[in-house]
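Come along and look things up with me.

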Amino acid sequence: MHTDKLGIYLNDHLMGATFGVGIARRIAHQNRHSVRGPELQRIADEIADDREALLGLMGTLGVPARRYKIYGGWAAERLGRLKPNGALYRRSGLSTFIELETLRLGIEGKSLIWGTLLVVASHDTRLDTSRLSELLERARRQISTLETMRRSAAEVIFADDLPDAGAGSG
């Protein structure tokens, strides 16, 4: 195996995981009093657990965690808070929508690393394929849950921008 390439790959995903934990916790906190609050908190907790699982796998494979990658993920999440949202002093529904999309995309990436590590596991007995399969399945459930939330949010946020279904027919 090319451990240099694998190390770079794993550290890149560690950076993404660090970003993901930050955004997931922020979304869960901001929605803690909503109907979806408990589900978002569960996902945030799972994402934090998945990051720890990645660190554990890196340790198993003898891949050191690169601090600059961790700090990069942390900084990127903080900078992402500065994007305009159409409201000057408060959050808008668009902020939450974009954050849900961003988190979903991150989980897509996370599912890819688990799938890639399953391929690596076929050549490296240090990796537990059943654990990797569990992590992959959990990522798929998270994607499904967030996609449902994202679609619901799209209907609410963009309702005024959508043409009336009955208009124009006749």
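**Entry 1: the pocket lining**

I began with the lining of the largest pocket, whose residues divide into nine nonpolar, six polar and three charged. I note here that I am reading a predicted model.

Next I looked up how much space there is, and the volume of the largest pocket comes to about 260 Å³. The lining counts 18 residues, and I marked His13, Gly16, Ala17, Gly106 and Lys110 as the closest to the centre of the pocket.

Which helix gives the most to the lining of the largest pocket? I found that H4 does, with eight residues. I also wrote down that helix H1 (3-30), helix H2 (37-60) and helix H4 (93-121) each supply at least two residues of this lining.

**Entry 2: the whole chain**

I stepped back to see the chain from end to end. I found five helices and zero strands, and along the sequence the pattern reads α-α-α-α-α.

I then checked burial: of the 170 residues in the chain, 41% are buried. For the surface, I noted an accessible area of about 10100 Å², with 56% of it belonging to carbon and sulfur atoms.

I was curious about contacts across the sequence, too. Taking contacts between residues at least 6 apart in sequence, I see that 78% join residues at least 24 apart.

**Entry 3: Arg150**

I picked Arg150, which sits in helix H5 (residues 129-157). Is Arg150 buried or exposed? Its relative accessibility is 18%, and buried means under 20%, so Arg150 counts as buried.

I looked for its partners next. The side chains of Arg150 and Glu101 are joined by a polar contact of 3.1 Å. Setting aside neighbours within four places in sequence, I listed Phe97, Leu100, Glu101 and Arg104 as the residues in contact with Arg150.

**Entry 4: Leu136**

I stayed in helix H5 and moved to Leu136. With a relative accessibility of 10%, Leu136 counts as buried, because the cut-off is under 20%.

What does Leu136 touch, not counting residues up to four places away in sequence? I wrote down Ser111, Trp114, Gly115 and Leu118.

Last, I checked one spacing. Between Leu136 and Glu108 there are 9.9 Å in space, C-alpha to C-alpha, while in sequence the two are 28 residues apart.

Conventions:
Residues numbered from 1 in each chain as written. Predicted model: local features only at pLDDT ≥ 70, side-chain atom pairs only at ≥ 80, totals over all residues. Heavy atoms only, no water. Helix = DSSP H or I, 4+ residues; strand = E, 2+ residues; numbered from the N terminus. Buried < 20%, exposed > 50% of the residue type's maximum accessible area, 1.4 Å probe, protein only. Polar contact = N/O pair within 3.5 Å; in protein donor to acceptor, adjacent residues only side chain to side chain. Contact = heavy atoms within 4.5 Å. 1 Å grid on protein atoms, 1.4 Å probe; cavity = no way out; pocket = protein on both sides within 12 Å on 5 of 7 lines; lining within 4 Å. Points joined across faces, edges and corners; volume = space filled by probe spheres on them. Nonpolar A, V, L, I, M, F, W, Y, C, P; charged D, E, K, R; others polar. Areas by Shrake-Rupley, 256 points an atom, 1.4 Å probe, with all protein chains shown as cover.
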